[in-house]
Amino acid sequence: MKIIGSFPKTRLRRLRKHKWMRNLVSENNISHNDLILPIFVCDGKNKIQSIKSMPDVKRYSVDKLPVILKKVKNLKIPMVALFPYTPDNKKDDQGSEALNPNNLVCKSLRLIKKKFPDIGVMCDVALDPYTSHGHDGIINNNKIDNDETIKILIKQSILQASFGCDVLAPSDMMDGRVGLIRKALDKKKFTDVSILSYAVKYASSFYGPFRDAVGSKSKLKTDKKTYQMDFRNSFDIFREVGLDVKEGADMVMIKPGMIYLDIINKIKENFKIPVLAYQVSGEYSAIKFAIKNKILNEESIIESVMAFKRAGACAIVTYFAIDIAKNIKKSN
Ligand code: PBG
């Protein structure tokens, strides 16, 4: 690219002189419309639990969900993502609880759709919150069985759709699941339920705090590298996304976010589809602990999510969604 202009005629600081001027020429901005808040749900009644590795993030029992949902509504955050903290005694090697119409996600869906019908709900499609081994799929002969897992994921998808889930988000990384889920949804007339595929999901150590939050960390004895992606690579993102889009994905997620901005940008440039970023638990906690210890200040939050907008993401799943939306409201 040819650089236009030269000093002293050109002075780039002119456009930085006033706050209003900076606002005028800003290329990217974040709005409440760009945010998705993950919410952890726990068993029991009247519970709001802290999560040690994720300061200020809570688990809510279903009856307490309105506490957080009222904030979501007031701040006009369009969608929440539900994640269950399944009690140990309901976990088994098949993740059967995933198919229980009275599991935490299904109960939450019913509550939200009744009391907060305008809030969009996104549900993970994966078995890890339900399996006794903490993996996203079922294990046969010591391997995560792709095709047998998909059969369960299809049922999980239909179940969640039947209770009003707006966006199904397969995060399991089994090959071919998007197409089969889409086909099953259409057959059951859930043609309006969207699929947000976690098309690009790396085997990342940044999921650690999330695994605490859903209680799968202590269960997990091996890594997820036979299904989640190798972070040394970026060639396979084109096939991962391409196949998912062909199979019927409406949107794709890139995850983790902050350390994969190059990937977000490549997908955005090469596929003209909505790309979402997940600022995952480890990214949240790293910033949060630094703020708590006065190593960073609160402004680092907006800076961290603006990077996603610059890279080309249309929306961001972030545990900071409430803080960011409050901040936006204040500055308007
Ligand atoms: C599980 C799932 C994970 C996350 C979302 N869905 C963790 C994993 O794959 O082990 C991570 C989210 C986060 O770290 O915030 N399928």
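What radius of gyration would a compact globule with 332 residues have, and what does the protein chain have? The globule would be near 20 Å and the chain has 20 Å, so the two agree. That radius is taken over C-alpha atoms, and the globule rule is 2.2 Å times the number of residues to the power 0.38.

Some housekeeping. This is a predicted model, where local features need pLDDT of at least 70 and side-chain atom pairs count only at pLDDT 80 or more, while totals for chains, interfaces and linings use all residues. Numbering runs from 1 along each chain as its sequence is written, and side-chain values use heavy atoms, with hydrogens and water left out.

The C-alpha trace spans about 70 × 45 × 40 Å along its principal axes.

Next, polar contacts, meaning pairs of N or O atoms within 3.5 Å. The side chain of K201 places an N or O atom 2.7 Å from a ligand oxygen. For D124, a polar side-chain atom is 2.9 Å from a ligand nitrogen. With K255, the distance from a side-chain N or O atom to a ligand nitrogen is 3.3 Å. On its own the ligand has 400 Å² of accessible area (Shrake-Rupley method, 1.4 Å probe), and the protein covers 100% of that.

Note on methods:
Polar contact = N/O pair within 3.5 Å; in protein donor to acceptor, adjacent residues only side chain to side chain.
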